[in-house]
Amino acid sequence: MSEWMVTTSSAVVLDESILQLWLLGHNVDQATILRMPAIQPPVPSRVLKSYITSQYRTYEMMHHYLHHPRHFAGQFMFPLSQSAKQHLIERYYSFDEAVIREILGKKLSSRTRKDLDEVHEKTGVKLTSCRRQFDNLKRVMKKVEDAEGRTLIQDIEHQFLLPHHLARQYAHILFIADNKLDTFRKRLSCYQFTDFEYCGAVFMQYWTASTMDTLPEFDPHLAQDVRDLKSLILNDRAVLDEFRNRVSNNLAQSAHPPVLERIQSNFKVVLRNMLTVGCMINQQKEVRNIFVEITDKLVDAFLQVGWSPVDMELFYNSLMAEFHNTTSLTSRYRERYGTSWIRLVTGIKLASIRLYRQPTTQSLLTRSFTR
């Protein structure tokens, strides 16, 4: 005689408004108070509380499964459509940018988790929600750090079933965390999560090696090329003078040329600062300060001469265009280092323009072009 196992289940109803309150870390009583004014027609508080309790119970039962999204997507305990499962995964792994800004660049350790009460106090986000976001970051990091054969973004999409835009954000956050890039210096306090996340994307695209390693590393070959360029350009007066003149002439022909006098007199300093940033990318201790280096040595320099982001873009584009025209640098070197030069300048251009912010007056007065 055949044996059969029969299971029955009722449809799971997901209330988006209650899900949001659960994700934000509100308890049932708090959620009841927050939802009551929006309920029309009004219902007794006990009825609403019972409904919210039922919703919370469902989410708590799903909690463990959401730690393993691929398992959650394949389970049948909760009769949900695939689109509903996908929505729950995306919502669970969404994050508050203010919370991530306070974590960004820190080691994802138990000590950092213990300090989340400070993040809670600073951002106003519930401690339970802060912990969920931290734990999600750590979970993703642990899952992808040993994976091979896919890019970081691809692996996050595969392992956690996240949509592309959210997987990209996680990848950039983890890249900054893995390289321990400092985002907490006083000069950096004016920047938001989106600024650093954008720069992380730029660094990953232009300054990492083209490999399938899941956690990409800064490209040591690019750093070596930049060291060579630093010597070839800065130590040869003929090369430096021709390059400066060509860039100045290029800028003078633009539709709205920037004020050139001060940048011409400080051309070597700006160029040296750019090349110094490029040299540091494969030095673990130095690269931690890359955001400070870009703001101190480049952004503040352009602020001092009164250049706008448009002027900066014209300048960087001229640097890229005139490199190949600088005949004082032998054609062999121009060919050998041309691609690395474009990678370096493009990365610095995008990052420094994004980080273009006016610091405090006192901070700006204490800085100089030659710092």
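This is a predicted model: local features need pLDDT of at least 70, side-chain atom pairs count only at pLDDT 80 or more; totals for chains, interfaces and linings use all residues.

User: Why are helix 11 and helix 12 called roughly perpendicular?

Analyst: Helix 11 (residues 164-178) and helix 12 (residues 193-207) pack at about 85°, with axes 9 Å apart. Angles of 65 to 115 degrees count as roughly perpendicular, so that is the label for this pair. On the helix 11 side, the contact includes Arg168, His172 and Phe175, and on the helix 12 side, Phe193, Phe196 and Met204 are among the residues involved.

User: What makes you say that arginine 101 has no salt bridge?

Analyst: A salt bridge needs the charged atoms within 4 Å. For arginine 101, the nearest side chain of opposite charge is glutamate 102, and that is 5.5 Å away.

User: What does the side chain of arginine 101 reach, then?

Analyst: The backbone oxygen of leucine 188, at 3.3 Å. A polar contact has a limit of 3.5 Å. Leaving out residues up to four places away in sequence, arginine 101 also touches Phe193 and Phe196, among others.

User: Why is lysine 180 called partly exposed?

Analyst: Buried means under 20% and exposed means over 50%. Lysine 180 comes out at 34% relative accessibility, so it counts as partly exposed. You'll find lysine 180 in the loop between helix 11 and helix 12, with phi near 55°, a positive value in a residue other than glycine.

Definitions and conventions:
Residues are numbered from 1 along each chain as its sequence is written. Side-chain values use heavy atoms; hydrogens and water are left out. Buried means under 20% relative accessible area, exposed over 50%, partly exposed in between (1.4 Å probe, protein chains only). Lys and Arg count as positive and Asp and Glu as negative; His and the chain ends are not counted. A polar contact is a pair of N or O atoms within 3.5 Å; within protein, one must be able to donate a hydrogen and the other to accept it, and residues adjacent in sequence count only if both atoms are side-chain atoms. Contact means heavy atoms within 4.5 Å. Axes are lines fitted to C-alpha atoms, for helices over the stretch in contact, and angles run from 0 to 180 degrees between N-to-C directions. Helices (H or I, at least four residues) and strands (E, at least two) are DSSP runs, numbered from the N terminus. Angles under 35 degrees count as roughly parallel, over 145 as roughly antiparallel, 65 to 115 as roughly perpendicular and the rest as oblique.
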